[in-house]
Amino acid sequence: MIEFNQVSFRYKPHTTNVIDNFNLTINRGEWIALVGHNGSGKSTVAKLINGLLMPNDGIVTVDGTQVSQESIYEIRKHVGMIFQNPENQFVGTTVIDDVAFGLENLGVPRDEMIGRIDESLKQVDMALYKWHEPIKLSGGQKQRVAIAGVLAMRPDVIVFDEATSMLDPTGKKELIQMIRSLHEKHHLTVITITHDLNEAAYADRVVALSEGEVWFQGAPRRLFQYGEKLQEVGLEPTFVTRVYSELQKHSIEIKQEPLHFKELVDELWTSYLKT
Ligand SMILES: Nc1ncnc2c1ncn2[C@@H]1O[C@H](COP(=O)(O)OP(=O)(O)OP(=O)(O)O)[C@@H](O)[C@H]1O
Ligand SMILES: [Mg+2]
């Protein structure tokens, strides 16, 4: 679905590359979590996908089409983006206006537009808020409306760039749950960019960047096995990972590195019942 082929990018001429000789293939329907320290290049990668930035060297393709000035209009129909700050993503005075905005730009006929708006608001559980003012919604609700706006365009790919970072813990959990269900039910290709390894646990594959290069890619469980070493590339081991390494120090055996809280608790019960 997405391919980076030896891509390099620098913001200004004669400076070092922010992204250097970067290769990445993302399959259709896959969920990739892109993680890495501040300034490691995650947002730059996101912007190269939908042509907000163009590579200095190498090629980015989306569904076989090379991202270029000529193709960005087409590419942006296929790739939706959700950013960190829900406040910056609103243009309409009502939720329905807001979701309609992108469709109006695409020139979707009015009847079809109404159907698509209803459907996408339903997908994010916001159908009851159609006539509400976006500014009066909670942070999590605002992000869901922003997602509805993207879904209404029927994209193949959605990139979430730190979309949960301004939400409270409940809002974060709900949004991740929503992303999981969109990915599973609609076979969307999903890229979540995050600092929070708890969120990366649900992805099919994690790509960890360090200084604009791929430091790790593979299953989340394999990344978590680095334990405290994750700090060397500016990543914070999750609570579950830290508990797991303490348990190992105390010779409490657990079958495998737990991905999240539920797995940790289940494994602890299993090992307790054996003793
Ligand atoms: N508009 C810009 N002009 C010049 N340099 C930039 C610009 N945007 C980003 N950079 C630099 O490029 C590098 C990568 O930035 P990028 O925003 O891609 O990182 P990131 O991984 O998304 O960081 P964060 O976790 O803070 O969001 C950083 O060194 C940053 O300072
Ligand atoms: Mg960023």
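This is a predicted model: local features need pLDDT of at least 70, side-chain atom pairs count only at pLDDT 80 or more; totals for chains, interfaces and linings use all residues.
Local features were taken at pLDDT of at least 70 and side-chain atom pairs only at pLDDT 80 or more, whereas totals for chains, interfaces and linings use all residues. Residues are numbered from 1 along each chain as its sequence is written, chains are lettered from A and ligands numbered from 1 in the order in which they are written, and side-chain values use heavy atoms, with hydrogens and water left out.

Helices (H or I, at least four residues) and strands (E, at least two) are DSSP runs, numbered from the N terminus. Two strands are taken to pair if DSSP finds at least two bridges between them. Four strands form an open antiparallel sheet in the order β2-β1-β4-β5. Its edges are β2 (19–26) and β5 (65–66), each of which pairs on one side only. Within this sheet, β1 (residues 2–9) and β4 (residues 57–62) are joined by five bridges in the antiparallel sense. Along this pair, Glu 3 stands opposite Thr 61 of β4, and Ser 8 has Asp 57 as its bridge partner in β4. Strand β4 also pairs with β5, again in the antiparallel sense, over two bridges; here the partner of Thr 61 is Gln 66. The β4 and β5 strands form a hairpin with two residues between them, and Asp 63 in the turn has a positive phi of about 50 degrees. Helix α1 (residues 42–49) lies across β1, β2 and β4 and runs at about 120 degrees to β1. Axes are lines fitted to C-alpha atoms, for helices over the stretch in contact (heavy atoms within 4.5 Å), and angles run from 0 to 180 degrees between N-to-C directions.

A further open sheet has six strands in the order β6-β7-β8-β3-β9-β10, with mixed pairing. Strands β6 (79–82) and β10 (213–218) are the edges, each pairing on one side only. From one strand to the next, the twist averages 20 degrees. Strand β3 runs parallel to β9 (residues 205–210), and five bridges join the two; in this pairing Val 35 stands opposite Ala 208 of β9. Helix α5 packs on the sheet, where it touches β6 and β7, and its direction makes about 170 degrees with that of β6.

A salt bridge is defined as a side-chain nitrogen of Lys or Arg within 4 Å of a carboxyl oxygen of Asp or Glu. The count by this rule comes to 13. One of these joins the side chains of Asp 63 and Arg 28, with an N to O distance of 2.9 Å. Asp 63 lies in the loop between β4 and β5 and Arg 28 in the loop between β2 and β3 (31–36), so the pair ties together parts that are 35 residues apart in sequence. Accessibility was classed by relative accessible area (buried under 20%, exposed over 50%, partly exposed in between; 1.4 Å probe, protein chains only). Asp 63 is partly exposed at 40%, and Arg 28 is exposed at 53%.

The side chains of Arg 144 and Glu 174 also meet in a salt bridge, at 3.7 Å from N to O. Because Arg 144 lies in helix α5 (residues 139–151) and Glu 174 in helix α6, the pair ties together parts that are 30 residues apart in sequence. Arg 144 counts as buried at 15% relative accessibility, while Glu 174 counts as partly exposed at 44%. In the salt bridge between Lys 262 and Asp 266, the closest N and O atoms are 2.8 Å apart. Both residues lie in helix α10 (residues 261–274), four residues apart, which is about one turn of the helix. Lys 262 is exposed at 55%, and Asp 266 is partly exposed at 36%.

Glu 162 is located in the loop between β7 (157–161) and α6 (169–186). This residue is buried yet has no salt bridge, and the nearest side chain of opposite charge, that of Lys 42, is 4.2 Å away. The side chain of Glu 162 does make a polar contact with the side chain of His 195, at 3.2 Å. A polar contact is a pair of N or O atoms within 3.5 Å; within protein, one must be able to donate a hydrogen and the other to accept it, and residues adjacent in sequence count only if both atoms are side-chain atoms. With residues up to four places away in sequence left out, Glu 162 touches Lys 42, Gln 84, Ile 193, Thr 194 and His 195.

Definitions and conventions: Lys and Arg count as positive and Asp and Glu as negative; His and the chain ends are not counted.
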